[in-house]
Amino acid sequence: MYDPQPSASHYIDGAYVEDNTGTPIPVIYPATGEVIATLHAATPAVIDAALAAAEIAQKQWARVTPRERGRVLTRAAQIMRARNRELSVLETRDTGKPLQETLVADATSGADALEYFGGVANGLTGEHIPLGDDWVYTIREALGVCVGIGAWNYPTQIACWKAAPALACGNAMVFKPSETTPLCALKIAEILTEAGAPAGLFNVVQGMGAVGAALVTDPRVAKVSLTGSVPTGRKVYAAAAEQMKHVTMELGGKSPLVIFDDADLDNAVGGAINGNFYSSGQVCSNGTRVFVQKGIKEAFLARLAERLKNAVIGDPLDEATSFGPMVSDRQMQIVQGYIEKGKAEGARLVSGGGRVDRDGFYLEPTVFADVTDDMTIAREEIFGPVMAVLDFDTEAEAIARANATEYGLSAGVFTRDLSRGHRVIGQLRAGSCFINSYNDAPVEAPFGGVKASGVGRENSKAALDHWSQLKSVYVRMGDVEAAF
Ligand code: NDP
């Protein structure tokens, strides 16, 4: 019988590994506050074993044909789809996100990435560049041993979005999940082994920031891909730069969602709900600064208040529940602090603002109106269910204010005037943008930020450039001319 709970803390060289001497990591179910497992942080010996296994596996894997590499990833995708329910329950227990969401957004998204890069692997080729009688050819080579470090909000998706393109390109990976949600990545490792990945190709080690830092600075590591906050990104990027390593940084955001007077009201409200309350607002690309043109503002707030009443807040394992708890007590307290700041700085609280009366780390979906650009809740990433609604008059004003942030992950526009939609999006400085939609993330589209929100792109063919490097080979067909 398939056991949905991982059987040990780490997954190294094709098997579960425990080392009880590492610092204990309690795994807490956010809906109740119960401890559902206790893992251990990786000791230096565990980190070393993972990197050593990855180094051996990578050399062998890089020599496997891309087609065969793709077949392994495709098989892993099929296994994930077949086990979607068990994996979704585990994701819900790890994160507290409602099963209604995890059934369609986590293992399925991970499987999409494995399937997509399984297919793309077939098309990995170099180029032939004719130079008269001579020519150059290029070889797309793996980088080597890569490190993935994950945030806590999408543990399955983050592991797969990093592993799938990395492995397709012939790399091996050591992945460190967030200590807050450490369970799901272990199942991905188990599934990759079952799908035929050689032992050591995808390893998972647990731990806090210090384990991540040890991986980043190890000379055996060629690349680091981090999903996390901007402050962590700065540290990891700087540490990687010391040894001139490749990096991908998927960091935080404070993204604008601009709603014009002519927008379809229900679609705009739906976009704002998806961009603020899905996963209890714990999504990096959320459109948390909702700029609403003055003519539609009151109608927007009224319709939003009506639709928020339909949120089903409750047990995340009940499929009827559409809004669950925050991931941790700590994250709940951070968000409560922002709600207090919003009130103190003069924003108008129009919905929510408090805790939900039940066990676990539940906060109500919260909306502030009359927010101004200088308020803390309009400037800092909250990472919780708090929407800030700001008014504007003109298109030029909305663009200037939307861009006045250090972040640049996402941006959205709702308008029936499609030329305006394209014109505005063209001027918004963000990597992942939406017109009359919000927060879609198909694997076919590049995903990533500009400015402080990161460097590099995940997903799509663009990811291949971040997980491989080109060797160019000049071939001379005639004699070599030399000066002496
Ligand atoms: P953190 O930045 O706190 O942590 C991210 C990961 O980095 C964790 O695994 C953490 O370990 C690890 N880490 C911390 N310090 C170091 C270090 N010095 N060296 C190496 N690794 C380290 O982010 P959160 O987990 O709190 O996640 C929320 C953040 O992630 C938000 O800012 C959000 O916007 C961003 N995010 C970005 C996404 C994107 O694709 N752009 C998607 C999802 C989230 P540990 O926490 O276990 O100590």
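Hi everyone, and thanks for coming. Please keep in mind that what you see above is a predicted model.

Let's begin with helices H2 and H7. H2 covers residues 66–82 and H7 covers residues 184–194. Their axes come within 8 Å and cross at roughly 125 degrees. The crossing is right-handed. On the H2 side, the contact is made by Val 72, Leu 73, Ala 76, Ile 79 and Met 80, and H7 brings Ile 188, Ile 191, Leu 192 and Glu 194.

Now, how does H7 lie relative to H3, residues 84–95? Here the axes come within 9 Å and cross at roughly 155 degrees. Angles over 145 count as roughly antiparallel, so that is the description for H3 and H7. Leu 87, Leu 90, Glu 91 and Asp 94 of H3 meet Cys 184, Lys 187 and Ile 191 of H7. This contact has four nonpolar residues, three charged and no polar ones.

On to the ligand. How many residues surround the ligand? There are 29, and the closest are Gly 150, Ser 229, Thr 232, Leu 251 and Glu 381. Lys 176 places a polar side-chain atom 3.0 Å from a ligand oxygen. Glu 179 uses a backbone N or O atom, 2.8 Å from an oxygen of the ligand, and for Gly 228 a backbone N or O atom lies 3.3 Å from a ligand oxygen.

Note on methods: Residues are numbered from 1 along each chain as its sequence is written. This is a predicted model: local features need pLDDT of at least 70, side-chain atom pairs count only at pLDDT 80 or more; totals for chains, interfaces and linings use all residues. Side-chain values use heavy atoms; hydrogens and water are left out. Axes are lines fitted to C-alpha atoms, for helices over the stretch in contact, and angles run from 0 to 180 degrees between N-to-C directions. Helices (H or I, at least four residues) and strands (E, at least two) are DSSP runs, numbered from the N terminus. A crossing is left-handed if the near helix is turned anticlockwise from the far one by less than a right angle, and right-handed if clockwise. Contact means heavy atoms within 4.5 Å. A residue is near a molecule or strand if one of its heavy atoms lies within 4 Å of it. A polar contact is a pair of N or O atoms within 3.5 Å; within protein, one must be able to donate a hydrogen and the other to accept it, and residues adjacent in sequence count only if both atoms are side-chain atoms. Angles under 35 degrees count as roughly parallel, over 145 as roughly antiparallel, 65 to 115 as roughly perpendicular and the rest as oblique. Ala, Val, Leu, Ile, Met, Phe, Trp, Tyr, Cys and Pro count as nonpolar, Asp, Glu, Lys and Arg as charged, and the others, Gly among them, as polar.
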